[in-house]
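Please keep the sequence and the 3D view at hand while reading.

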Amino acid sequence: TRYFVDHRRVRVVGGQGGGGGHSFHSEPRKIFGGPDGGNGGDGGHVILKADRQTKSLSSVLPFYQGIHGERGGSKNCYGANGACVYVKVPVGTLVKEDGKVVADLTQDGEEYVAAYGGAGGKGNHFFLSNENRAPTLFTPGEPGQDRVLHLELKTTAHAGLVGFPNAGKSSLLRAISRARPAVAAYPFTTLNPHVGIVHYQDYEQVAVADIPGLIKGAHQNRGLGMAFLRHIERCHFLLYVVDLSVSHPWTQLQDLKYELEQYKKGLSERPCVIIGNKIDLAESRINLPLLKERVEDRVIALSALRGDNLEELFLHLRELYDAYVKTEESRGQNPVKW
C-alpha cells in the first residue's frame, strides 16, 4: 500500500567534479610535446521537477546524489560532465531550508536546482606558461553542494471539503467521485488528505480535496492542526460540510470560518457553498430552515449516505469551477487543470 505523504526530509548532494588530467604529449620525432592533460568534467546537479502525474511525496527518497564528472584525459580531452538527477515532486511542493522557503513549485514542469554539482579540476595544460613550459600541477574536482531540504506538499485542488470530524466529508467524496477514503463512526477517521475527481460530460474535471476534520483551536495546532490547514491554502473555493443533525449547526460554520481566518487572513472569504449533510434524519429537516435564515451563502441540503440531491451539488460545483477558470484567464494566468 502506498500512503499519502505530504512531508519529506531529503538530503541532496551535487556530483563531484572530475579531476584534471596529468599527461605530456609524446609521439615519434616530437620529443618535447608539452603538457596535454585536459580539464575534468563538472558534476551533475540534483533538480526537483514538478510533475502533475505525481500526487504524493511517497516516491521521494531520503537521499539523492548527482553523477560525478569524469576525469580529464590526454591530448587535451575534457572529461564528460556528470548527468543531472531529476526528482519528480507533486505540483504544489514547497521547498524549505532551515525553516525558510527557497522554492515553491506551483506549475507543471517547473524546476528548482536543489544541489549544484562541483566544478571540474584543471589539467596540467591549463597551467602552461612562458615561465613554466612543463607544468606538473593539476587540480582535483570540486565537491558538489550538500544540502538538507524539507519538502512540504500543499494539495493543489480546485475545491476543499472543510468541516468538523464526522460531518460526512469522506462519505460525500465517495459519493461524488471514485476516491475511497475510510469511513467510520468515530472522529478523525481521515488522517491524510484525499483528492477525488468529479467528471463532467464535456471532459472537464474538478478536483475536490477531503481535508481531515478540524476542531476548535486548530490554528493553534490542536488536533491535526497546522498539518492539514495548509492544504486548504491552495484550494480556489471551499465546500463547508455541516452536520444538520446536531443542535445549532450554524455555530459549526462560524467556528470553521474563524479557524480559517486565524490561520490565514482572507482564507474564509473565498468563494464557497454550504453543504448541509445528513438531510435524511428527522432533526436535520428541522434545522435546515433555521440554518438558511442565519447564513447568507447558498445552502445545499443533501444526504451523502443515500445520495439525495447530489445533482444540485454537481451543478453548483461546476458554476464555481467555471467562475474560477474565467477569473484566471482574465488575469492572463493558466487555470489548474486535472
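In this predicted model, six strands form an open sheet in the order S10-S11-S9-S12-S13-S14, and their pairing is mixed. Strand S10 (194-199) and strand S14 (299-301) are the edge strands, each of which pairs on one side only. From one strand to the next, the twist averages 25°.

**The sheet and a helix that lies across it**

- As background, strands of a sheet pair through backbone hydrogen bonds, and this pairing can be either parallel or antiparallel.
- Strand S9 (residues 159-162) and strand S11 (residues 205-210) run parallel and are joined by three bridges.
- Gly160 has Ala209 as its bridge partner in S11.
- Helix H1 (residues 169-176) lies across S9, S10, S11, strand S12 (237-243) and strand S13 (272-277), and its direction makes an angle of about 160° with S11.

- Asn39 sits in the loop between strand S1 (7-13) and strand S2 (46-51).
- Is Asn39 buried or exposed? Its relative accessible area is 11%, which lies under the 20% cut-off, so Asn39 counts as buried.
- A polar atom of the Asn39 side chain lies 2.9 Å from the backbone nitrogen of Gly123.
- Leaving aside residues up to four places away in sequence, Asn39 touches Gly72, Cys77, Tyr78, Gly79, Gly121, Lys122, Gly123 and Phe126.

**Cysteines**

- Cys77, one of the residues that Asn39 touches, is partly exposed, with a relative accessible area of 42%.
- Cys272, by contrast, counts as buried at 13% relative accessibility.
- A disulfide is, in general, a covalent bond between the sulfur atoms of two cysteines.
- How many disulfides does the structure hold? The number is zero.

**Two residues with positive phi**

- Tyr203 has a positive phi of about 70°, although this residue is not a glycine.
- The position of Tyr203 is in the loop between S10 and S11, and Tyr203 is exposed because its relative accessible area of 76% is over 50%.
- Lys278 is not a glycine either, and its phi is positive at about 65°.
- Lys278 is found in the loop between S13 and helix H4 (282-294), where a relative accessibility of 24% makes Lys278 partly exposed.

**The chain as a whole**

- The chain has five helices and 14 strands.
- Of the 338 residues in the chain, 48% are buried.
- Among the contacts in the chain with a separation of 6 or more, 72% are between residues 24 or more positions apart.
- The chain exposes about 17400 Å², and carbon and sulfur atoms supply 50% of this area.

Methods:
Residues numbered from 1 in each chain as written. Predicted model: local features only at pLDDT ≥ 70, side-chain atom pairs only at ≥ 80, totals over all residues. Heavy atoms only, no water. Helix = DSSP H or I, 4+ residues; strand = E, 2+ residues; numbered from the N terminus. Buried < 20%, exposed > 50% of the residue type's maximum accessible area, 1.4 Å probe, protein only. Polar contact = N/O pair within 3.5 Å; in protein donor to acceptor, adjacent residues only side chain to side chain. Contact = heavy atoms within 4.5 Å. Pairing = 2+ DSSP bridges. Axes fitted to C-alpha atoms, helices over the stretch in contact; angles between N-to-C directions. Disulfide = S-S within 2.5 Å. Areas by Shrake-Rupley, 256 points an atom, 1.4 Å probe, with all protein chains shown as cover.
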